[in-house]
Amino acid sequence: MTVQPSDPVAGDPVVAEDPVAAEGRVSAGAIALRRIRSPGRIRAEHVRDYGIVVFAVALFAYFSIASNVFLTSQNLLNLVFQNATIGIAACAVTFTIIAGNFDLSLGSIFVLSEVLAAYAAVHYGVWWAFPVAIVPGAAMGAINGLLVTKLRVNAFLATLATALSFVGIAVGVTSGGLLITPSSSVFTFLGQHRVVGIQYPVIIFAVVAIVLQLVLAYTVFGRHLYGIGDNRNAARLSGLKVDRTVLITFVITGAACGLSGLIDASTTGSGTSDTSGLGGSLALLAIAGVALGGSSIFGGVGSVWRTVLGVLILGMITNGFDLLAVPDFWQDIVRGILIITAVAIGTIIERRT
Amino acid sequence: MSAEAVAPIRLVSIGKRYSGTKALDDVSVEVAGGSVHALVGANGAGKSTLGKIVGGVIRPDEGQLFVDDRPVRYASPREARIDGIAMIAQELSPVPHMSVIENVFLGIEPRRSGFVQRRQMRKQYDELVSQWGFELDGNAKVGTLRTADKQKVEILRAVACGARVIVMDEPTSSLSSVETETLHRMIRTLRASGRTIVYVSHFLDEVLDLADTVSVLRSGHLVRTAPAAEETEESLVAGMFGAAAEAEHFEKPQGSTAPVVLEVSDLNRKGVLRDIWLQIRAGEIVGLAGLVGSGRSELARAIAGADPIDRGTIAVDGTPRRIRSPADAMAAGMAFLPESRKDDGLFMELTLAANTTFADVGAVATRFGLLRRGLEREKTNSLLKSLSIQPPVPSAKVVSLSGGNQQKVLFARWLFRNPRVLILDEPTRGVDVAARAAIHRLINNLATGGTAVLLISSEIEEVLGLAHRVLVMRRGSITREFGADPPMEAVMEAAFGLGGSTTT
């Protein structure tokens, strides 16, 4: 594909015609340039785009001062460790959301993957747990993706429905109970061991977040996700295979939830189909993290680092409030209010500009 | 139904602006009670706007509306309805999943202590239907009805509310001729009962057949109001277009022998396109004229792979291509600028660079799909400059640009691919004068460089100014072909279906 951009208008008489007119155009451009960059004043868009960063820093500073345990490497590592499984799922579902879709089945994929991993470890040997967690996770994501792209089921409903079925299968596999995995270090090193003092889940979370952020920002695939989320029709008319791209986002999300499930199984040394724990709240917490970070729930706008920030703010509130001995119910109340506030600020500013 | 229903409407010096441009300027019209009053004009002449002002959908910026000699100012269609004025919009609005009866009586259900009297409603409906001679199943879901029957629902709803004035905006644009005839019969019945009809349409034969009085609008001004009996289709067309508006005229090569780039044969899409044959040579600009709804945009979308076709071949450079998606059309060397840059074209929240390269991101990426941002910025920069897009900042978001510059960004996306065939649907809609002139020069220069161009525009001056050949579409077919610089009246008459229908 050769590009000769100057060709079409090269012969354009007006461009070359009048030096004064050309001058005028340049300065108009310079003015517009200044207006867009506008480095000096803080404006509404800045509050919308970066307010959450300021808030995170302030919250961090507050807990550091209010509690003498908060700002220790041990506590901070624990904070990230406790949120690693949510974080991995949240980073991946950011792709789906940026492309203008939704996935409510995160928790269920997590639960079923965890159970399958434990089942494989018990029945076929621990090494089987790794592929058996991630590959079916991806397959479950593919089911979601096919329902949304081929059958045109609304993503909300499709993933709500598959979520029910996935958990059902998990309960069937475990007969409603717990699968205890062999206490082989091969299986438990993921969740229970450290390297240079850092828990493996923390490292995996960091790697997943960095890789996904780079893919989003620096690849053709990432660019396509933004385009589809911003204007699906335009993406199609620009020659994009929209359905295939959307399907891939669901597969990535499914695989990531499988990975999260594996980590959880390894941490606890068991697989459980019980959804009263993390499995039940994972989807909502992950999506809350995406929204809190400032990615648009309607697609087209957002990034993975925002999701990481959102998840860590939610985690920080739990951690900090625990350290300050604030009752549990306050955590939920504050987190709820926070999400509403963040989304409302975004919407209000959006409407005004 | 008696003479007490007579409701004269007077519009005095009505003015309305949309973001700077005047949609209506000092328009005064008097509508006699119990008559059919037609509003005609070209696209954008203001006839729909005027209709909507009467219906309370739009509030005028200047002037005064009188109903029954009483000055009124409607804030909503609801207020107009209270005065007995009902609007039947182009996009029909009944609640699709409710039955015909429920729609007709929506908001005015006969009720007793809060409960809807279903049997009473049924009885009223039957009376209404027999009184007006409609045939319509009251239990059918409105969503399953055809357009013509949805219109009946709207008309029944209007009379059930006691409307004395009914405003209809392009009611026949998607009706068959039989359905149109039925609608006209209904309108005559309504008139006979003393009701007033304001009829907005661009079908001149219908207007002359039906209306008592016709008001002709041109670019927001009233040309004249006259009894329909004194008008002919030719006189209306002359009134609607008057002296040609300003548009730059380009030199047009005669009798090009350049090779044919795009060849469309026997293209059909049920109910939309019929037996389309066309050829475009390298360096040729073919203009496609016709009324809104004549199938112009549909033809463009079909060739570009945006809509499916039932039958036909599309060949590029002599090779027949199987085009089932926009990607196929692009692979064949085509580029398509859709009618609505906001709905189908631009990524408003993405940067100019991302918008420019989107249709071929691979060209600024490595083999492994990694973006080469520096290269992208460089290539975008030179395109932004050559199209003089303001501001020429690749990292700016498209949403922050003016309409004209946004449109140029869309051009940039397709120029980035160096297409063999460029299909342009309304390339200067909603664009300011300077940008419009720049886009016209750009199109002309592209053709000079050998690109085959298919140009669709509602602005006849634009088509005439640029096109080397002009095709006229009407009701899904190409009905006339003209060479370069045909007389505007001839093109308009062809678009309105007057004169001969063979190729010249």
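**Entry 1: chain A overall**

I counted 16 helices and four strands in chain A, taking both as DSSP runs numbered from the N terminus, with at least four residues (H or I) for a helix and at least two (E) for a strand. The model is predicted, so I kept local features only at pLDDT of at least 70 and side-chain atom pairs only at pLDDT 80 or more, while totals for chains, interfaces and linings use all residues. Residues are numbered from 1 along each chain as its sequence is written, and chains are lettered from A and ligands numbered from 1 in the order in which they are written.

I looked up burial next: 44% of the 353 residues of chain A count as buried. Buried stands for 20 or more other C-beta atoms within 10 Å of a residue's own, with C-beta atoms placed from the backbone.

**Entry 2: the core**

The largest nonpolar core has 237 residues, and A:Ala89, A:Ala286 and B:Ile423 are among those with the most contacts inside it. Such a core is a set of buried Ala, Val, Leu, Ile, Met, Phe, Trp, Tyr and Cys residues joined through C-beta atoms within 7 Å. Helix α5 (residues 73-98) of chain A gives the most to this core, 13 residues.

I then listed contacts (C-beta atoms, placed from the backbone, within 7 Å) for B:Ile423. Apart from neighbours within four places in sequence, they include B:Ala300, B:Met334, B:Phe336 and B:Leu454.

Helix α10 (residues 200-218) of chain A packs on α5(A) with the axes 8 Å apart and at an angle of about 30°. I used axes fitted to C-alpha atoms over the stretch in contact, with angles from 0 to 180 degrees between N-to-C directions. The two helices are therefore roughly parallel, a term for angles under 35 degrees.

Among the residues making the contact are A:Phe81, A:Ile88 and A:Phe95 of α5(A), and A:Val202, A:Phe205 and A:Leu212 of α10(A). I sorted this contact by class and got 15 nonpolar, two polar and no charged residues. Here Ala, Val, Leu, Ile, Met, Phe, Trp, Tyr, Cys and Pro count as nonpolar, Asp, Glu, Lys and Arg as charged, and the others, Gly among them, as polar.

**Entry 3: A:Leu179**

A:Leu179 sits in strand β1 (residues 178-180) of chain A. Why is A:Leu179 listed as buried? It is buried because 23 other C-beta atoms lie within 10 Å. Beyond residues up to four places away in sequence, A:Leu179 touches A:Val115, A:Tyr119 and A:Ser270, among others.

**Entry 4: α14**

Helix α14 (residues 278-293) of chain A is mostly covered, with 13 of its 16 residues buried. Just after α14(A), I found A:Gly294 with a positive phi of about 110°.

Notes
Buried ≥ 20, exposed ≤ 12 C-beta atoms within 10 Å, placed from the backbone. Contact = placed C-beta atoms within 7 Å. Parallel < 35°, antiparallel > 145°, perpendicular 65-115°, else oblique.
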